[in-house]
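Please take a moment with the sequence and the three-dimensional view below. The explanation that follows will lead through them part by part.

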Amino acid sequence: RVRLFSECAVLTVHNTFPTFASESLGMRPKDIGYVMTLAAAMSVFVDIFVLPKLLRAGGLDLRATGCVGLLVAALALPACGAVSHMRALVLALVVVSAGASLVRTSVAALMVNHARPADAGTVSGMIDAIESVCRVCTPLGGGFLLAQHGAWAPGVASGALALVALVELLAAELPGLSRKPPPPGLSLKPPPPPPGKRE
């Protein structure tokens, strides 16, 4: 569900951005293409340079980096429909792309890492299926919100979805990442072998 909500949030804004930029800000198709290319380049930069450094030197795990990405996206997504200047819109989209890249990579890695080896292929296929469903549904939903409620609606709805995904990720029970300490008197070490028995 985290991947579903976060993917829908980001794609809703990405799919409605060209219409909003053209009709509200007067951007030309050529300029819109440049902005989308810049946003994609930011995603590649985060995947290659930022995320590995966060995991190695920042002391963060995959859940934490996913939460950071969702928080960044949740704050930046509403701004995509509230700005009145082209530079502000470009900045908001670049920030959204950075947060989305953290979320996509971290959540996908969590799903694969915590699946049984025999289910790894199934999980990878599920990730692709989720993204495909979002790519089909978000243009319809985002276009409806844009037409019925104005430019602010897709961004606000996307921000709300990102917050829901953040809550879901924080509440998720992941094997090996339990936050609860063991009860008093319970040892995590294996019991010693019976007397006279060699290992």
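**Contacts, cores and a surface patch**

Apart from residues up to four places away in sequence, Leu25 touches Phe20, Val83, Ser84, His85, Met86 and Leu89, where contact means heavy atoms within 4.5 Å. This is a predicted model, in which local features need pLDDT of at least 70 and side-chain atom pairs count only at pLDDT 80 or more, while totals for chains, interfaces and linings use all residues. Residues are numbered from 1 along each chain as its sequence is written, and side-chain values use heavy atoms, with hydrogens and water left out.

Leu25 belongs to helix α1; helices (H or I, at least four residues) are DSSP runs, numbered from the N terminus. With a relative accessible area of 23%, Leu25 is partly exposed, a class that lies between buried (under 20% relative accessible area) and exposed (over 50%), using a 1.4 Å probe and protein chains only. Leu25 and Met86 are 61 residues apart along the chain, yet their C-alpha atoms are separated by 6.6 Å.

The interior can be described through its nonpolar cores, each a set of buried Ala, Val, Leu, Ile, Met, Phe, Trp, Tyr and Cys residues joined through side-chain atoms within 4.5 Å. The largest has 21 residues, of which Phe17, Leu77, Cys80, Leu89 and Leu93 touch the most other members. Helices α1 (2-25), α2, α3 (62-76) and α4 (86-113) each supply at least two residues of this core. The greatest share comes from α1, with 6 residues. Another core, of 10 residues, lies apart from it and includes Val2, Leu62, Ala165 and Leu169. Leu93, for its part, is in contact with Val13, His14, Phe17, Val35, Ala39 and Cys80, leaving aside neighbours within four places in sequence.

What forms the nonpolar patch on the surface? Val44, Phe45, Ile48 and Phe49 do, with about 400 Å² of accessible area together. Such patches are made of residues with over 30% relative accessible area and no salt bridge, nonpolar side chains (Val, Leu, Ile, Met, Phe, Trp, Tyr) being joined within 5 Å; a salt bridge is a side-chain nitrogen of Lys or Arg within 4 Å of a carboxyl oxygen of Asp or Glu. Val44 is placed in helix α2 (residues 29-56) and counts as partly exposed at 47% relative accessibility.

Phe45 and Phe49 also lie in helix α2, 4 residues apart, about one turn of the helix. Their ring centres are 5.3 Å apart and their planes at 40°, so the pair is tilted: rings pair if their centres lie within 6.5 Å, and planes under 30 degrees apart count as stacked, over 60 as edge-to-face and the rest as tilted.

Technical notes:
Patches are made of residues with over 30% relative accessible area and no salt bridge: like charges are joined within 9 Å, nonpolar side chains (Val, Leu, Ile, Met, Phe, Trp, Tyr) within 5 Å. Accessible areas come from the Shrake-Rupley method with a 1.4 Å probe; for residues, only the protein chains shown count as cover. Rings of Phe, Tyr and Trp (its six-membered ring) pair if their centres lie within 6.5 Å; planes under 30 degrees apart count as stacked, over 60 as edge-to-face and the rest as tilted.
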